[in-house]
Each structure stands twice: as structure tokens, then as C-alpha cells.
Amino acid sequence: MLVKMSSHGVDLATVVQRHVERRLRLVLGSSAANVRKAAVHLRDVNDARGGVDRKCSVRVTLSPSGLIRAEATDSDLFTALERAAGRARRSIRREIERRRDI
């Protein structure tokens, strides 16, 4: 699974990048065979105005086709990541179940 990361207003230090990739792989692990690539975008919504809102968007491309999007906002960047990744995992599982039922 290929994982790409981008950010706006959030410093993507090496430690943060490693954590994001590790958590995403762990959360999506059981569905990894159905995932072609994942893109994570981290954003500070209020940026220069201050505030406590970090947004994490996860976009997963499924194999052979399909696209799952999930996002979450929280004062803590890592909590937003966990919530968005969990939502993506649930959506992937629902999509896999739909495919099996067809």
C-alpha cells in the first residue's frame, strides 16, 4: 500500500510522517489487500487566526476500483488522524461486504 501525505499549516516533521504512516497501516491492516493507495492530508483549519482545530482527511483508493473518503476534526492532530482512519476502515469494510454480496 502506497501512502502519500500532504499538509497545510501543519509541520510534517519526520516523526509525524512516520507516526501517520504507521497508524494508517495499522488501522487499515486487515483491509490492506484491498487498498491500492492512501492519501492523508493534515490541515490547521484556522491557521494564522489560531484556534484548536486540526483536520485530517484520508482518501483511500481500493483495488480493483473504488474511492473511500473520510475526515475528522479535533484539537489534537493525532486524535483527528485516529478518527479519520477509523472511519475509512469502516467504509472500506462496508464496501468489501457490498462486493461480496453482489
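1. A salt bridge here is a side-chain nitrogen of Lys or Arg within 4 Å of a carboxyl oxygen of Asp or Glu. The model is predicted: local features need pLDDT of at least 70, side-chain atom pairs count only at pLDDT 80 or more, and totals for chains, interfaces and linings use all residues. Numbering runs from 1 along each chain as its sequence is written, and side-chain values use heavy atoms, with hydrogens and water left out.

2. By the salt-bridge rule, the count is 8. One of these pairs is Arg23 with Glu82, with the closest N and O atoms 2.6 Å apart. This pair links distant parts of the chain: Arg23 sits in helix H1 (residues 14-28) and Glu82 in helix H2 (residues 77-101), 59 residues apart. Helices (H or I, at least four residues) and strands (E, at least two) are DSSP runs, numbered from the N terminus.

3. How accessible are the two partners? Arg23 is partly exposed at 23% relative accessibility. Glu82 is partly exposed too, at 30%. The classes are buried (under 20% relative accessible area), exposed (over 50%) and partly exposed (in between), with a 1.4 Å probe and protein chains only.

4. Arg54 and Asp44 form a salt bridge at 3.5 Å, N to O. Arg54 belongs to strand S3 (residues 54-62) and Asp44 to strand S2 (residues 35-44), so the bridge ties together parts 10 residues apart in sequence. Is Asp44 buried or exposed? Asp44 is buried, at 9% relative accessible area. Arg54 is partly exposed, at 25%.

5. Strand S3 also takes part through Lys55. The side chains of Lys55 and Glu71 meet in a salt bridge at 3.3 Å, N to O. Glu71 lies in strand S4 (residues 67-74), and the two residues are 16 apart. Glu71 is partly exposed at 43% relative accessible area. Lys55 is partly exposed at 24%.

6. Glu95, Arg98 and Arg99 form one network, joined by salt bridges that share partners.

7. Which residues gather in a patch of positive charge on the surface? They are Lys4, Arg36, Lys37, Arg59 and Arg69. Patch members have over 30% relative accessible area and no salt bridge; like charges are joined within 9 Å, nonpolar side chains (Val, Leu, Ile, Met, Phe, Trp, Tyr) within 5 Å. Lys and Arg count as positive, Asp and Glu as negative; His and the chain ends are not counted.

Conventions:
Accessible areas come from the Shrake-Rupley method with a 1.4 Å probe; for residues, only the protein chains shown count as cover. The place of a charge is taken as NZ of Lys, CZ of Arg, CG of Asp or CD of Glu.
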